[in-house]
Amino acid sequence: VKQNNMAEQIKLNWIEEESIKLEQQNPTIYEELPSLKLVPNVIAEITIDFSNPFQQWIGENGGKKITKKIIPITLKGEKMVWWLNVKNPVYKEIITQGKAGVISFKVLQTGTQQNTKYVLIK
């Protein structure tokens, strides 16, 4: 009987934590702000807001599960969001540099759609 109570308590704790997370999130932020649309072969200077954890979107593309972070940015004084796949090597670079206190980035996009690549310009 004790084991069942323990398992039930763990389940309730998990549900409570998930409920708190949902209340803390603002699920409409990416609907309110325009999405970053980079122009291939043009450098964009963006500022990333690292003040809160990035929201994420999980979906499917061609049968593969994808996770994108919704990164709040400012471009030419306009607030918007950058939907970036967490498997993109640029995401790791951004996190690493953000951890070091860097908030301004120069981003170059090459290619489009499946062939899109991002490069951070130093």
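Colleague: In helix H3 (residues 89–99), which residues are buried?
Modeller: This is a predicted model, in which local features need pLDDT of at least 70, side-chain atom pairs count only at pLDDT 80 or more, and totals for chains, interfaces and linings use all residues. Residues are numbered from 1 along each chain as its sequence is written, and side-chain values use heavy atoms, with hydrogens and water left out. Helices (H or I, at least four residues) and strands (E, at least two) are DSSP runs, numbered from the N terminus. With buried meaning under 20% relative accessible area, exposed over 50% and partly exposed in between (1.4 Å probe, protein chains only), the buried residues of H3 are Val90, Tyr91, Ile94 and Gly98.

Colleague: Why do the buried residues of H3 line one face of the helix?
Modeller: The arc is taken from the directions from the helix axis to the C-beta atoms. Seen down the axis of H3, the buried residues line one face because they fall within an arc of 105°.

Colleague: Which residues are exposed on the other side of H3?
Modeller: The buried set includes Ile94. On the other side of H3, the exposed residues are Pro89, Lys92 and Lys99.

Colleague: Which strands are included in what covers the buried residues of H3?
Modeller: The chain has 3 helices and 6 strands. The cover of the buried residues of H3 includes strands S1 (43–48), S3 (64–75), S4 (78–85), S5 (104–110) and S6 (117–121).

Key: Contact = heavy atoms within 4.5 Å.
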